[in-house]
There are 4 protein chains.
Amino acid sequence: MNFCSDNVTGVAPEIMQALAEANHGTAWPYGNDDWTRRIESRLADIFERKVRAFPVATGTAANSLALACMCPPYGAVLAHEAAHVMVDECGAPEFYSGGAKLIPVAGAHGKMTEAGVAAALARWRSSDPHQVPLAAISLTNATESGTVYRPDEVRAIARLAKAEGMRVHMDGARFANAMAFLGVPAKAVTWEAGVDALSFGATKGGAMAAEMVVFFDDKLAESFAYRRMRAGHLVSKMRFVSAQLNAFLADGLWLKLARHANAMAQRLAQGLLRIPGARLRDPVEANELFVVLPAAVIAGLREAGAEFYDWPGEPNLIRLVTAWETDPAKVERFLKVASEVAARAA
Amino acid sequence: MNFCSDNVTGVAPEIMQALAEANHGTAWPYGNDDWTRRIESRLADIFERKVRAFPVATGTAANSLALACMCPPYGAVLAHEAAHVMVDECGAPEFYSGGAKLIPVAGAHGKMTEAGVAAALARWRSSDPHQVPLAAISLTNATESGTVYRPDEVRAIARLAKAEGMRVHMDGARFANAMAFLGVPAKAVTWEAGVDALSFGATKGGAMAAEMVVFFDDKLAESFAYRRMRAGHLVSKMRFVSAQLNAFLADGLWLKLARHANAMAQRLAQGLLRIPGARLRDPVEANELFVVLPAAVIAGLREAGAEFYDWPGEPNLIRLVTAWETDPAKVERFLKVASEVAARAA
Amino acid sequence: MNFCSDNVTGVAPEIMQALAEANHGTAWPYGNDDWTRRIESRLADIFERKVRAFPVATGTAANSLALACMCPPYGAVLAHEAAHVMVDECGAPEFYSGGAKLIPVAGAHGKMTEAGVAAALARWRSSDPHQVPLAAISLTNATESGTVYRPDEVRAIARLAKAEGMRVHMDGARFANAMAFLGVPAKAVTWEAGVDALSFGATKGGAMAAEMVVFFDDKLAESFAYRRMRAGHLVSKMRFVSAQLNAFLADGLWLKLARHANAMAQRLAQGLLRIPGARLRDPVEANELFVVLPAAVIAGLREAGAEFYDWPGEPNLIRLVTAWETDPAKVERFLKVASEVAARAA
Amino acid sequence: MNFCSDNVTGVAPEIMQALAEANHGTAWPYGNDDWTRRIESRLADIFERKVRAFPVATGTAANSLALACMCPPYGAVLAHEAAHVMVDECGAPEFYSGGAKLIPVAGAHGKMTEAGVAAALARWRSSDPHQVPLAAISLTNATESGTVYRPDEVRAIARLAKAEGMRVHMDGARFANAMAFLGVPAKAVTWEAGVDALSFGATKGGAMAAEMVVFFDDKLAESFAYRRMRAGHLVSKMRFVSAQLNAFLADGLWLKLARHANAMAQRLAQGLLRIPGARLRDPVEANELFVVLPAAVIAGLREAGAEFYDWPGEPNLIRLVTAWETDPAKVERFLKVASEVAARAA
C-alpha cells in the first residue's frame with residue numbers, strides 16, 4: 001500500500017513492450033532515429049498544430065531547459081511559491097538560466113490567480129536595470145496540490161504575462177492527469193490559452209524515464225539543442241527514450257493511465273471523507289490527496305503497512321498519491337483499515 | 001554493417017532482462033532502492049576498495065559533474081586536445097563548473113604524455129590571480145583514438161598533477177574496453193595510479209543509458225548529490241538505471257562484452273592491413289580503428305551498404321567502431337568486400 | 001535641495017585631497033601598493049582584531065563577491081525581502097555565486113527578526129538534495145528603511161544561522177551611518193556578534209567609488225582574489241581606490257561624515273513631524289527618512305525645487321536621504337517650504 | 001626608471017583637473033548625468049558615426065561584458081593564444097558569458113592572420129550540437145606584443161568571421177597607441193573594417209580607472225545595461241568615471257598622450273638596438289618592447305634601479321612599457337646605463 005508518490009511505480013507493460021521492440025538492430029544515435037521523429041507528429045495530432053518537441057530523461061531537465069530558452073541570465077521567472085521549479089529542483093532553473101531569479105507568487109490550492117499575478121507584476125515591473133526584467137511565468141498543471149488549472153485560468157494569467165512581454169511555461173509533469181480531469185482538447189489549456197512551452201511528463205504517468213519539452217513557438221526552440229547537449233541531456237541511444245514516449249502517446253495510453261490514477265484518487269477521497277475528522281486540504285482533481293486524518297488513523301494505517309508522506313503545513317496532514325498502476329483492491333484495503341481504526345478510536 | 005559508433009547498438013540481453021526483472025512492485029525513488037545500493041559493493045569488489053558511486057544517464061553528465069566537483073568556477077582543467085570533454089560536449093564542463101577553462105594538451109594517438117603535461121604545467125602554473133589556477137586533469141581511457149593508457153603512463157601524469165595540487169579525472173566512457181585490453185586489476189590504472197574520480201561508462205558497452213561517477217576520494221563527492229539534482233540528472237525511477245549497472249557489473253559481463261568488441265576491432269584491423277595502401281593511423285587497442293584506405297575501397301564498402309564516418313585530419317581516413325554485439329560474420333563480410341574492391345581496383 | 005540619494009553627492013574634500021596626493025610617481029598595480037597595504041591595519045584598529053580586506057569599486061561587487069565566497073552555486077542565501085541584494089542588484093548575487101537562490105524574509109522596518117529567521121530556517125531546512133542547502137544570511141546595516149540593527153539583534157540572528165552551519169554577511173553600504181547611530185565599538189555589531197564578512201561602504205559616505213570587503217574569517221577569503229579578478233573588479237591603478245579608503249578611515253573621517261548625515265536626517269524628521277498629517281513610516285536612525293506627507297506639501301516642495309523620490313507601498317510616501325555634505329541651510333529651507341505649504345493648505 | 005607597465009603610472013593632469021571640476025554639487029547617479037551623456041557625442045565625432053557607449057572601470061569588465069553580449073553561454077570565441085581575454089583575465093569571459101569556450105589561435109607577433117583564422121574556422125565549424133557554435137572573434141589592438149593590426153588585416157579577419165555569422169570584438173586597452181601608430185581615421189580599423197564592439201581603454205592611457213564599451217551595432221547593446229548592473233559595474237557616482245573619459249577624449253588628449261608613449265618606445269628601441277647582442281622579438285609599433293639583451297646588461301640596468309619584467313619564452317627576454325608620462329630623460333638614462341654596462345662587458 002505505497003501511496004508515497006507516482007514515481008515509486010514501475011513501467012507500464014505497453015511501454016516495456018515498446019522498449020523490447022526498439023531493441024533490434026542498430027539505430028542512429030542522438031535522436032536521429034525513427035522513434036524520435038515520430039514524436040512530433042503524434043504531438044501534432046494531440047495539440048492540433050505543428051510543434052517542436054525534444055525528449056529528455058527527467059522533469060527537472062525539461063523544466064530548466066525550457067525556462068533557460070525563455071529567460072536570460074539576468075531575468076526573472078514567476079511561479080507559485082510551492083512549485084517544483086521553485087522549491088524542489090535544488091536551484092536547477094537558476095543553474096540552467098545562468099542565474100535567473102525565481103519570484104514566488106502565493107495562491108490557494110497550489111494555483112496562482114489572476115489577481116496574485118497582477119500584484120506580483122506590479123511589484124516587480126521595472127525598466128531600471130537595478131531590477132531583474134520579468135521574462136517568464138511557469139504554471140504547474142496539475143499543480144503540486146493536486147488541483148488543475150482550467151483553460152480560462154491559464155488564459156487570464158498568460159494574458160497578463162504577455163502584456164509584459166513575458167513568456168509562458170507549463171510544468172506538466174502530471175499534464176496527463178490534468179487533461180484527464182479537464183476533458184478538453186489539449187490545445188485549450190496550452191497554446192490556445194497562451195502557453196509557449198510545455199514540459200510534458202511521461203515518467204510519473206507510466207514511463208521509465210522520459211519527458212518531452214514541447215515548444216509552441218519555434219523561435220524559443222532555437223538554442224534548445226545546444227543547451228540540452230551541454231547539460232548532458234542528449235541521450236545517445238535516444239531511441240529508448242523516444243520509444244517510451246511513442247508508446248505513451250499512442251492510442252491515448254497516456255490519458256487512459258491518467259484516468260485510472262485520477263479515479264483511484266477520487267475513490268480514496270470519497271472513502272476517507274467518511275472517516276470522522278477527515279478533511280481534504282485541497283479539492284481532489286488529479287492524482288494527489290492532501291488529507292487531514294485523526295492521528296490514530298494515520299498510525300493505524302502505517303501499522304497495517306501503508307506508506308505515505310507526512311506533509312508540512314499543519315498537524316496530521318498526509319499526502320497520498322495514486323498512479324497508473326494503483327490496484328483498486330489496494331485502495332479498498334487502505335479505506336477498510338482507515339475506517340476500522342477510526343471506529344475503534346471512536 | 002554499421003560501424004559508425006558503439007552507440008548505434010542496442011541493449012545487451014542480460015541488461016534488458018535486468019530491466020524487466022526490476023519492473024515489479026514499487027521502489028523508493030531517487031536512488032533509495034536496492035539496485036542502487038548494490039552498485040557500490042559491486043564496484044568495491046572490482047576496485048578492491050571502498051568507493052562512492054553515483055549513477056547518471058549520460059557520459060557527458062558523468063564527466064561534467066565529476067569535473068565540477070574538482071574544479072572551481074575560476075579554475076582550469078587540462079585534457080587532451082581531442083578529448084570528448086574538450087571538443088564534443090558543447091561546453092558541458094564549462095557549464096557545470098560555472099566557467100572553468102579547459103586547456104588543450106597535444107599528444108600522439110589521443111594520449112597526453114608526461115612531457116606534454118609537464119610543458120603545459122610550466123606554461124600555465126601561476127600564483128597570480130590574473131591566471132586561472134590549475135585544478136584538475138582529465139585522461140580519457142580508452143582514448144578518442146582507440147588507444148589505451150598504461151598504468152605507468154597514468155601514474156606519471158597523475159604524479160605531475162598532484163605535485164601542483166591538482167585532481168585527476170578519468171573519462172572512462174570506454175573504460176571496459178581499456179580494461180579488456182590491459183588485463184590488469186582495475187585499481188592499477190585508477191586509484192593506485194592516482195585517479196581521484198572515474199566516469200565509468202556502460203552505455204557504449206551494452207547498457208541503455210547508464211553511467212557511473214566513481215569517487216576514490218570521498219571528499220570530492222560531498223557536493224555531488226546537490227550538483228546532480230540541480231542538473232536534472234537525479235532520475236526519479238532510479239532503479240531502472242541501477243538495474244542496468246548491476247547487470248553490467250555482475251559476473252564480469254562488462255569485461256566479457258568489451259573483450260568481444262575489442263576482438264572484433266582486432267579482426268578488422270588485421271583484415272584491413274592486408275589491403276594494399278591501407279594504414280592504421282593509431283595502434284588498435286580498444287574498439288576503434290582509424291584507418292586510411294584507398295578511396296575506391298571506401299566507396300566500394302559504402303556501395304555494399306557499410307556505414308562508417310569519414311574522419312577529419314587526412315584524406316581517406318575513416319573511423320570504424322566495433323561493439324559488444326558486433327557479429328563476426330558482419331566483420332568478415334566487410335573485409336571480403338574491401339579486399340574484393342581492392343583487387344578490382346588494382 | 002536634492003534629497004534623492006546619498007549617491008547624488010560628490011567627494012569629500014579630504015578624499016579628493018588624498019587622490020591628488022596619491023598621484024605622484026609610479027606605484028605597483030593591482031593592490032601591491034602602500035595605500036592598499038595600509039587599509040588592513042586601519043581596519044584592525046577599528047575592529048580591534050586582524051582582518052582580511054579587499055577594495056572594490058562598487059557595493060554590488062562587494063556584496064556579491066562576499067556572498068559568492070560563502071555560498072556554493074547550489075546554495076541559498078536568506079535576506080530581508082527589501083534588501084539591496086534581493087531586489088536592487090539585478091541578480092548580482094545569483095550571477096556571482098553561479099545560481100544561488102535568494103530567499104526573502106519579511107520583517108518590519110527593513111529588519112529581519114529572530115522569529116522571522118527561525119521561521120524561514122524551519123521552512124527551508126532540509127538534507128534532501130531536492131532543496132538548496134542553506135548557506136548564508138545577509139543583514140543590511142543600516143537597513144534599506146533607514147533603521148539600524150542593534151548588536152543583540154545581529155547576535156540572535158547570527159546564532160540561529162550558525163546553528164545551521166550558515167555564514168553571516170553584513171551589507172554595510174551605510175555601515176558608517178549605522179555605527180554613528182549605535183555608538184558602540186565596531187566589533188560589537190560585526191564579528192563579536194557573529195558576522196563573518198562585511199561589505200564596508202565608503203562611496204555613499206563621501207568617497208568617489210570605493211568599498212571594502214572585510215573578512216573576519218580568513219578561510220572565507222581564500223578564493224576572493226580569483227573571484228575579484230575574473231569579475232573585472234581588480235582595478236589596475238588600485239592606489240586610487242585605496243587612497244580614498246585610507247582617507248575615509250583615517251582620523252575617524254568616516255564616522256564624522258556619517259554623524260553629520262544622520263544629524264541632518266534627525267533635523268528633517270523633527271521638522272517634518274510638526275507638519276499636520278506627516279507620519280514617519282520607520283524610525284529614523286541613520287540617514288534615510290520614509291515619510292508620508294500631505295499631497296499638497298509634496299507638490300509644494302517639488303515646485304520649490306526640492307528633489308526626492310516617491311516611494312512605493314502607500315500613497316504620498318516619499319524618501320529623503322541626507323548625506324555627508326547636506327547643508328543645514330538646505331534642510332532649513334526644505335522645512336520652511338513644507339511648513340508654509342502646509343499652512344496655506346490648512 | 002619603472003618600465004614595468006603602463007598601469008604603474010598615475011593620472012594625467014588634464015584628467016585630474018576634470019575630476020576636480022566634476023566635484024561640484026549633486027548629479028544624478030548611475031550615468032544619468034551630463035558627463036556620461038557627452039561621451040557618445042564625443043565618440044560620434046571620433047568614429048564618424050553614431051555609437052552606443054558605456055563607461056566601466058576596468059578593461060576586463062569592458063572585454064567580458066562586450067563578449068557576453070556577443071556570445072551565448074554555449075558559444076565559442078576565437079582569440080589570439082596570448083590575448084588578455086585568453087590568458088590574463090582569470091576566466092572573466094567564461095564567467096560573464098556563462099561558460100563560453102575560448103579557442104586559441106596562434107600567430108606571430110601577437111597577431112592572428114587571415115590564414116590562421118581560416119584554419120581555426122575550418123577546425124571548429126560545425127552544425128552538430130556536440131560542438132560549441134562559433135559566436136565571436138576578439139582582436140587585440142594594439143596587441144599583447146606591442147604590434148598593431150592594420151585596417152586591411154582587421155577587415156580580412158572580420159570578413160571570415162562574418163561569413164560564419166560571428167561577431168567581431170576589438171580589445172582596445174591600448175587602442176590609443178594603435179591609433180597613434182596607424183595615423184588613419186578611427187573608423188578605418190573599427191566599424192568600417194567589420195568591428196561590432198570595441199573595448200576602448202583610457203586607464204593605461206592616462207586615466208584613473210575608466211574604459212568604454214563602444215557598440216557599432218545597437219542590437220548588441222540591448223542587454224548591456226542589465227549585464228553591467230548585475231556584474232556590479234554600474235558605478236553609482238558615474239560622473240567621476242565619465243569626467244575622466246570626457247577629458248581623455250576632448251581635444252585629442254588621448255592621441256597626444258599615446259603619441260608620446262609610442263615615441264618613447266621608439267627611442268628606447270633605437271637606443272637598445274645599438275647594444276651589441278640586443279634583438280627585438282617583435283616590431284615596436286605601440287608602447288611595448290620585447291627585447292633580448294645580454295644578461296650583463298639586464299643585471300646592470302636593474303642594479304642602476306631600472307624596473308621591468310622578465311618575459312617568458314626565451315632567455316634574457318624582457319618587456320619594457322612606456323606610457324603617457326614617460327620622461328625622455330628617464331629613457332636617456334636607461335639607454336646610457338645599458339650602453340655603459342655593455343661597453344664594460346665587452
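Reader: What makes A:Ala82 count as buried?

Author: A:Ala82 has 20 C-beta neighbours inside 10 Å, so it counts as buried. The definition calls a residue buried if 20 or more other C-beta atoms lie within 10 Å of its own, exposed if 12 or fewer, and partly exposed in between, with C-beta atoms placed from the backbone. One word on the source: this is a predicted model, in which local features need pLDDT of at least 70 and side-chain atom pairs count only at pLDDT 80 or more, while totals for chains, interfaces and linings use all residues. Residues are numbered from 1 along each chain as its sequence is written, and chains are lettered from A and ligands numbered from 1 in the order in which they are written.

Reader: Where is A:Ala82 placed, and which residues is A:Ala82 in contact with, leaving aside its neighbours within four places in sequence?

Author: A:Ala82 belongs to the loop between β2 (76–80) and α4 (84–87) of chain A. Helices (H or I, at least four residues) and strands (E, at least two) are DSSP runs, numbered from the N terminus. Beyond the neighbours within four places in sequence, A:Ala82 is in contact with A:Val87, A:Gly110 and A:Glu144; contact requires C-beta atoms, placed from the backbone, that lie within 7 Å. For A:Asp34, 48 residues apart from A:Ala82 along the chain, the C-alpha separation is 38 Å.

Reader: Why is strand β2 of chain D called largely enclosed?

Author: Five of the five residues of β2(D) (residues 76–80) are buried, so the rest of the structure largely encloses this strand.

Reader: How do you know that β2(D) pairs with β3(D), and how many bridges join β2(D) to β4(D)?

Author: Pairing requires that DSSP finds at least two bridges between two strands. β2(D) and β3(D) (residues 101–105) have five, in the parallel sense, and β2(D) and β4(D) (residues 134–140), also parallel, have four. D:Ala79 stands opposite D:Pro104 in β3(D) and opposite D:Ser138 in β4(D).

Reader: What makes β5 of chain B covered on both faces?

Author: On one side B:Arg167, B:His169 and B:Asp171 are buried, and on the other B:Val168, B:Met170 and B:Gly172 are buried too. In a regular strand the side chains alternate between the two faces of the sheet. Six of the six residues of β5(B) (residues 167–172) are buried, so this strand is largely enclosed by the rest of the structure.

Reader: Which units does β5(B) make with β4(B) and with β6(B)?

Author: β4(B), helix α7 (residues 151–163) of chain B and β5(B) form a right-handed β-α-β unit, and β5(B), helix α8 (residues 175–182) of chain B and β6(B) form a right-handed one as well. Right-handed means that, with the strands pointing away from the viewer, the path from the first strand over the helix to the second runs clockwise. Five parallel bridges pair β4(B) (residues 134–140) with β5(B), with B:Thr140 as the bridge partner of B:Asp171. Four bridges join β5(B) to β6(B) (residues 197–201), which run parallel, and B:Gly172 is partnered there by B:Phe200.

Reader: Why do you say that chains B and D meet through the same surface?

Author: 100% of the interface residues of chain B are also interface residues in chain D, so the copies meet through the same surface. The contact takes 15 residues from each of chain B and chain D. On the chain B side these divide into seven nonpolar, four polar and four charged. Here Ala, Val, Leu, Ile, Met, Phe, Trp, Tyr, Cys and Pro count as nonpolar, Asp, Glu, Lys and Arg as charged, and the others, Gly among them, as polar.

Key:
Contact = placed C-beta atoms within 7 Å.
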